[in-house]
Amino acid sequence: MAFRHGILISPDQIRVLTDDRTQFQINQDQQLFIQGQWITLSPENTALLAQYSQGMRKFVPQVVAIAVDSVELGLSAIEGMLIGVGNESQQEEWQALVRETTYQLMSRFVRSGEHFYLAPQSLNEMDAFLHGELKDNLTALAKNTVGAVWGALRDALRQTDDNFERSESQDWQSVEQLISKINLGLDAKAEELEDKSVLFCQRLRELDDIETQLQQQVPKLKDYDVVIAK
């Protein structure tokens with residue numbers, strides 16, 4: 001099961017997006033606007049719309065939370081290693097790498113207070129993100145930042161102590177330990193997604209059924225099939 005369109009949820013609205021443009025929106029779980037036009041609904045269809053909207057509000061934040069928590073877990077571990085190490089120029093370089101990686105990883109999942117965004121994707125694609133893309137990006141970031149931290153520490157200590165020696169394998173092991181810690185946390189999040197996958201699929205099928213009923217009552221919605229089997 002998958003979302004064909006992006007979903008943006010706020011306390012008062014749900015917006016269905018294609019290329020960042022709103023295709024239709026639901027206000028207060030009761031009002032439907034398609035391409036900016038208010039659609040008059042019967043009491044029965046208004047109740048159906050509310051059911052659809054509330055289903056989205058339960059599902060999307062849960063999925064987004066798993067992804068965002070996973071990203072923040074890895075980034076916070078890496079940022080913790082960067083505090084107070086290196087000169088100002090190095091800090092700026094490392095923080096730029098962290099910001100760039102954050103932007104790349106968070107473009108598909110956004111959580112800001114009571115606002116949530118989920119980009120078009122399937123549950124299988126999200127699972128692949130947690131197991132593959134996220135791990136690869138955080139591993140690369142750890143090596144490019146924390147690896148550089150150990151280099152900066154080594155250089156600083158060598159300047160103050162002629163007898164200081166540290167092998168490259170020891171330096172690299174510290175990075176590997178961090179990566180191992182991050183991967184352990186990511187595996188736990190991926191496991192959480194797998195444990196909930198049956199429930200998530202069931203909720204998506206329920207949303208799909210409600211969506212089909214709405215499309216029968218409001219034919220204009222057939223152009224925006226949000227929940228699909230994939």
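Visitor: Which side chain meets D187 in a salt bridge?

Guide: This is a predicted model, in which local features need pLDDT of at least 70, side-chain atom pairs count only at pLDDT 80 or more, and totals for chains, interfaces and linings use all residues. Residues are numbered from 1 along each chain as its sequence is written, and side-chain values use heavy atoms, with hydrogens and water left out. A salt bridge is a side-chain nitrogen of Lys or Arg within 4 Å of a carboxyl oxygen of Asp or Glu. For D187 the N to O distance is 2.6 Å, and the partner is K135.

Visitor: How many residues apart are D187 and K135?

Guide: Helices (H or I, at least four residues) and strands (E, at least two) are DSSP runs, numbered from the N terminus. D187 belongs to helix α4 (residues 168–217), whereas K135 belongs to helix α3. The pair thus links distant parts of the chain, and the separation is 52 residues.

Visitor: Is K135 buried or exposed?

Guide: Buried means under 20% relative accessible area, exposed over 50%, and partly exposed in between (1.4 Å probe, protein chains only). D187, with a relative accessible area of 32%, is partly exposed. K135 has a relative accessibility of 16%, so this residue counts as buried.

Visitor: Which side chain meets R108 in a salt bridge?

Guide: R108 lies in the loop between α2 (88–106) and β7, and its partner lies 25 residues away in helix α3 (residues 123–160). R108 is partly exposed at 21%. The N to O distance is 3.0 Å, and the partner is E133.

Visitor: Which residue of β3 stands opposite I7?

Guide: Two strands pair if DSSP finds at least two bridges between them. Strands β2 (residues 6–9) and β3 (residues 13–18) run antiparallel and are joined by four bridges. With three residues between them, these strands form a hairpin. Opposite I7 stands V16.

Visitor: Which residue of β8 is the bridge partner of L8?

Guide: β2 also pairs with strand β8 (residues 115–118), in the antiparallel sense and over three bridges. The bridge partner of L8 in β8 is Y117.

Visitor: What is the phi of Q28?

Guide: Q28 lies in the loop between β4 (21–27) and β5 (31–34). At 48% relative accessibility, Q28 counts as partly exposed. Phi is positive in this residue, which is not glycine, and its value is near 55°.

Visitor: What is the phi of Q35?

Guide: Q35 is found in the loop between β5 and β6 (37–39). Its relative accessible area is 47%, so Q35 is partly exposed. Although Q35 is not a glycine, its phi is positive, at about 50°.
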